[in-house]
Amino acid sequence: MRRVILSGSTFEEQIGYARAVVDGDWVHVSGTTGFDYATMTISDDVVAQAEQCLVNIGAALTEAECAFADVVRVTYYLPDAKDFEPCWPALRAVFGEVRPAATMLECGLADPRMRIEIEVTARRRA
C-alpha cells in the first residue's frame, strides 16, 4: 500500500512532490532542507539548518509510523563540503547508535540560502 506524507511546505505544492512516500514497510523521505515549514524561514547557520532538517525528517518519520532508529540510508547534500564537519555533532546525536549507510555529496541546491539537504530511507519494523 502506498501513501504520501505532506509537510505543508509550499515547495511540495509548487514542484509536485511529497515529503515522504510510504510503500509497504519502506519509507522514502525526500531531500529535506532546513526550512521551518510553519514560517517558511531558514537560518543562515548550517548547523541550525541541519538541526531543522532533522526536525522535519523526524516529523515525516513519525507520521509514517517509524523513527530515526528505522533509517537504513542517509544522504547528505551540501554546496560546500567544508560545512559538513560542523554538522557532525547534530547528525551523530540522531544517527550515532543507528549507523545507517551514508553518503555525502557536494553539489548545488535549489536555493542559495540552503546549505544542507538530507534525504533518508527507512524500513518500518513489524
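Modeller: Start with accessibility: buried means under 20% relative accessible area, exposed over 50%, and partly exposed lies in between (1.4 Å probe, protein chains only). This is a predicted model: local features need pLDDT of at least 70, side-chain atom pairs count only at pLDDT 80 or more, and totals for chains, interfaces and linings use all residues. Residues are numbered from 1 along each chain as its sequence is written, and side-chain values use heavy atoms, leaving out hydrogens and water.

Colleague: Is E97 buried or exposed?

Modeller: E97 has 80% relative accessibility, so it counts as exposed. E97 sits in the loop between α3 and β7 (101–106). Helices (H or I, at least four residues) and strands (E, at least two) are DSSP runs, numbered from the N terminus. From the C-alpha atom of E97 to that of P112 is 32 Å, with the two residues 15 apart along the chain.

Colleague: And E12, buried or exposed?

Modeller: Buried, at a relative accessible area of 5%. E12 belongs to helix α1 (residues 10–16). Contact means heavy atoms within 4.5 Å. Beyond its neighbours within four places in sequence, E12 contacts L6, S7, Y17, A18 and R19.

Colleague: How do I read a helix pair?

Modeller: Two packed helices are described by the angle and the distance between their axes. Axes are lines fitted to C-alpha atoms, for helices over the stretch in contact; angles run from 0 to 180 degrees between N-to-C directions. Here, helix α2 (residues 46–63) and helix α3 (residues 84–95) have axes that come within 8 Å and cross at roughly 20°. Angles under 35 degrees count as roughly parallel, over 145 as roughly antiparallel, 65 to 115 as roughly perpendicular and the rest as oblique. So α2 and α3 are roughly parallel to each other.

Colleague: Which residues of α2 and α3 meet?

Modeller: V46, V47, A50, E51 and L54 of α2 meet P86, C87, A90, L91, V94 and F95 of α3.

Colleague: What about cores?

Modeller: In soluble globular proteins, nonpolar side chains tend to be buried together. A nonpolar core is a set of buried Ala, Val, Leu, Ile, Met, Phe, Trp, Tyr and Cys residues joined through side-chain atoms within 4.5 Å. The largest one here has 27 residues, and V27, L61, I118 and V120 touch the most other members. Helix α2 gives the largest share of this core, seven residues. A second, separate core of seven residues includes F11, F35, L109 and M114.
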